[in-house]
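Here is a friendly walk through one model, from a few backbone details to the overall fold. Take a look at the structure first, and then read on.

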Amino acid sequence: MKKTLALLTFCALTLSCTGNSPLRGGHADDADSASAPKEQHLSLLIAGDLMQHEPQIRAARRADGTYNYDECFARVKPEIERADVAIANFEVTLGGPPYRGYPQFTAPDDYFRACVDAGFDIMLLANNHCLDSYQRGLERTIHVMDSLHIPHLGTYVNPQERQRQYPFLLEQNGIRVVLLNFTYGTNGLKVKAPNVVNYIDTTEIANDIVKAHQMNPDVIIAIPHWGIEYQTLPGSEQRTLANWLLSKGVDHVIGGHPHVAQPLELLNGGRNLVAYSLGNFISNQSKPNTYGGYMVRMELTKNDSITTLSNCGYAIYWVSRPADNGSRHNYRVLPIDEPDSALTATERTKRNTIRSSMRKLFEKNNKGGIKEYIFK
């Protein structure tokens, strides 16, 4: 892992901070400079759905019964690690064997460890698959993440844990960020007491936003699981909820669930970012637009008590499956501009298709001037 994470009190995240040592000795104005407020920076990376279908499980299985996913994330790991904090939607359960894919996911613990090793620091759990292995799976998922000291939000063992840990406060580099996470539903499965799942309930969310403001944050980010699967444009319900969240004092809204990318908008002079759907991060889905997605990178800058979104952009990636390249055993998340020389003819065709589709979508529908950036 790139960083060591620890919970601060009950609901905050603290990470090691770096900075120059204060000036010592010298002229009097040196002391004034040392005591002057410093500009503070925090970079966040938010990625889409970490899926695990049955073919992915088979591809990762080794002869000794373990599972190896190193190849899956090798090409994107440096970009994930470049951020101060990286966040993703963990859309499977860790319910223990037997492992299975769609429609009720339970993945090997090795899969989660690989996601952590890839650089993800915080996991979002409020999604429509969080109850796929019922109460045992919800609780075991939380237990495994806690045992590896990986913060998470969106599902809870009991109401007391939710009260203690939510809203989720991330604090690093002198910047305080509150995260909110909630889902439209859980595929008809009912949460069993005393477990708690954060659903899209505007009364409950409004109360949580009030609590979030009481935590003295610099920024509030809501990450809803919403929308209609495979639709590349946001629906009216997404737009209505996004506007409502912003009206309540949420600064940025970063959505997921449709399994395809949806547009991004910079609103109110660049103060607010809305990304309607990041798409899949890794999966076995092959429907149009499902085997690619994008990561959002946000740069926060704090001067005195004012925190701004000083820069933001998105990076497109896509997933190559073993069938696309017979010489490789596993699935791979690849930069959208991976050199042609590193790809088979099948891979180049698939890459070109998803790249063209996503860039056309964004060129036509993005608002506010947000730009794509390329990582190698």
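## Two positive phi angles

In this predicted model, asparagine 216 sits in the loop that links helix H8 (202-214) to strand E11 (219-225). Asparagine 216 is not a glycine, yet its phi is positive, at about 55°. Its relative accessible area is 57%, so asparagine 216 counts as exposed.

Histidine 259 is another non-glycine residue with a positive phi, here near 70°. The loop between strand E12 (252-254) and strand E13 (261-267) holds histidine 259. Is histidine 259 buried or exposed? With a relative accessibility of 2%, histidine 259 is buried.

## Two cis peptide bonds

If you check omega, look at the bond from tyrosine 102 to proline 103: this peptide bond is cis, with omega near 10°. Proline 103 belongs to the loop between strand E4 (85-90) and helix H5 (109-117).

Tyrosine 166 and proline 167 are also joined by a cis peptide bond, with omega about -5°. Proline 167 lies in the loop running between helix H7 (159-165) and strand E8 (168-172).

## The chain as a whole

Stepping back, the chain contains 10 helices and 19 strands. Its radius of gyration is 21 Å, close to the 21 Å from the globule rule for 376 residues, so the chain is as compact as a globular protein of that length. Of the 376 residues, 55% are buried.

Among contacts between residues at least 6 apart in sequence, 71% link residues at least 24 apart. As for charge, the mean positions of the 39 positive and 39 negative charges lie 5 Å apart.

Terms used
Residues numbered from 1 in each chain as written. Predicted model: local features only at pLDDT ≥ 70, side-chain atom pairs only at ≥ 80, totals over all residues. Heavy atoms only, no water. Helix = DSSP H or I, 4+ residues; strand = E, 2+ residues; numbered from the N terminus. Rg over C-alpha atoms; globule rule 2.2 N^0.38 Å. Buried < 20%, exposed > 50% of the residue type's maximum accessible area, 1.4 Å probe, protein only. Contact = heavy atoms within 4.5 Å. Lys, Arg positive; Asp, Glu negative; His and termini not counted. Charge placed at Lys NZ, Arg CZ, Asp CG, Glu CD.
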